Amino acid sequence: MLVLCGAIGLFELLALFLVAFLAIRAGLVNPAPLVLYRPLLVVGIAAILPGCYAVYREGVELRAMPRRAASALRSDGPRLVAASVLTRLVATVLTAAGFALLLALLLGVDTLAVWSEALLGLGVDRTLTFQLGLLAAGLLAAWLVNGLVAYQDLLVIDGESSVLGAWKDSTVAVLSAPRWYVWQALTRGLLLATPWALAIVTVLGLDAVGVPDQWPGSLPAILLSAAVFVGVTAVARATLVAYHVETMESIVGPAAQAAPTPIRNNLGRVAMAAILVLSLVGGVAAVRAGDVTPGPDLPGATLDPDDPAATMEVAIRRTTYQSHAKTERSEQYNATAARWDQTTVIDGQVDRDRGALHAHIRFDGGGQSLEQTVYGTDGVAAARGDGAGTYATGGIQIRAIREPWVAFIGHSFDELAREWRSLEPADARAGWTLRSANESTLVYAITDPADFHDLRLGVYTPPPTEEGITYRTDSEVLAVLDRDRGTIERVVKQAYFEDRFGDEVEVRNLRSTITYRNVGNVTVDRPDSLGGPGPLEILWDVVYYA
């Protein structure tokens, strides 16, 4: 039986490689089309499983195994293939529904995390937690649904169910023992995931010990990983076949012919539970879609001149975590014309209350001029003007043309606001020192390029440790703070350095000025030409929150 179960693993790899080869030939670089190997796998497994079950049940010797497997394929294969294809279609719909329910519960937990962080000060890494939650919800939904319909194959082979009704009979029978159902579904999922997990570990292990990842040096790694996958699949599938047959005879078979399930006996309670869950889901969706949040945790406006790090953190938070307008000008000194040439100007507004931002970008340099307007909110990032089609390139997104805009659905306001921010609270520990102070303003400075080169303050400046880079001693960053409001008025970065490459020396003088205005009093409206949010935007607005 290990041989037959190993054949399933080999077929799975071949199906995956075939689909990958066809996708590459078609010019598709996105890995999403690889899921198309699953229909091939369903057919292949349905053709091999009758032989596996017959060999296990009858204790067929190795010599007679091919003939018995072929006989089982002829007698049961066509019906099982048809039933398996139908079951997979139904399972796909059920998995999507289950994932939607688990996602709704995850969003509820995420909403509680937002409020607990704001009201109780409980810090949670929501980005990583939410991503892991999405992965867990997808796996759990798939495993639970697979555990429901898994016994359709033996019900068809044993003649206890029709091709059309096998998935339903399996579901009803399995639900007769709810606790066992959950346990067997998770066990089944872990068994089927183990070959992939060990194959991936093998690849990572070979990479760690220095096995080449380029062809043809990667061939041994590919063959070894494939061998691990096929071998582990053989053991996992053989274990699963034995468990499958035994539980079919002891639990599922008798239940398929027995009385109604606990769900049928308690339809009233099930209906009440469903109404409660849907009500909670609807409430969470309304809170998230309406962006009902506790608001940012802003410190008081008191600034302590003698504590630069604490003062800068207060000012950064009170400026960038409130609504504000910002103008960022980047300049480069033109030694030939003896003047400062303006290369980039960004005028933008952030509306924290509505969760929206709007910016106009102008760039001049390298013999070309570009202008672009950007609008973003939960659910969409949109751009118009030069290069609008390439504005948003990361993450999960759907591109839509809404003349004159190009909209990228699937972005969050937090993501866009994070890209827009020039200073983060952590930058308060970048080595600021007090330069001057009076009744209305404080001026702090960073004079070491090692401390300021990687701050996102307009112009790019290389690290001073980079070969050939020598900074002048008057390079610095200045921050002017409003003492009454506890906010930043402007930040100026001046970088003067030589970039030496061999005998060539390029002198570069760069300057950027960032000015903040109207802190706490900015409104950003959705552009009329962009149109109203569609269903997908509203869905992402629910997903992205606070």
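Q: Looking at this predicted model, which residues does Arg421 touch, not counting those up to four places away in sequence?
A: Arg421 touches Thr320, Tyr321, Lys326, Arg352 and Arg456.

Q: OK, and where is Arg421 found?
A: Arg421 is in the loop between α12 (413–420) and β8 (433–437).

Q: Buried or exposed, that Arg421?
A: Arg421 counts as buried, because its relative accessibility is 10% and the cut-off for buried is under 20%.

Q: What does the Arg421 side chain make a polar contact with?
A: The side chain of Glu424, at 3.1 Å.

Q: Switching topic: how many salt bridges are there?
A: The count comes to 14 salt bridges. One of them pairs the side chains of Asp158 and Arg57, 2.8 Å from N to O.

Q: Which parts does the Asp158 and Arg57 pair tie together?
A: Asp158 sits in the loop between α5 (152–157) and α6 (166–174), and Arg57 is in helix α2 (residues 37–58), so the pair ties together parts 101 residues apart in sequence. Asp158 is partly exposed at 31% relative accessibility, and Arg57 is partly exposed at 34%.

Q: What about Arg68, which side chain does it meet in a salt bridge?
A: Glu58, at 2.7 Å from N to O. Arg68 is in helix α3 (residues 65–120) and Glu58 in helix α2, 10 residues apart.

Q: And where do Arg317 and Glu313 lie?
A: Both lie in helix α11 (residues 308–320), four residues apart, which is about one turn of the helix.

Definitions and conventions. Residues are numbered from 1 along each chain as its sequence is written. This is a predicted model: local features need pLDDT of at least 70, side-chain atom pairs count only at pLDDT 80 or more; totals for chains, interfaces and linings use all residues. Side-chain values use heavy atoms; hydrogens and water are left out. Helices (H or I, at least four residues) and strands (E, at least two) are DSSP runs, numbered from the N terminus. Buried means under 20% relative accessible area, exposed over 50%, partly exposed in between (1.4 Å probe, protein chains only). A polar contact is a pair of N or O atoms within 3.5 Å; within protein, one must be able to donate a hydrogen and the other to accept it, and residues adjacent in sequence count only if both atoms are side-chain atoms. Contact means heavy atoms within 4.5 Å. A salt bridge is a side-chain nitrogen of Lys or Arg within 4 Å of a carboxyl oxygen of Asp or Glu.
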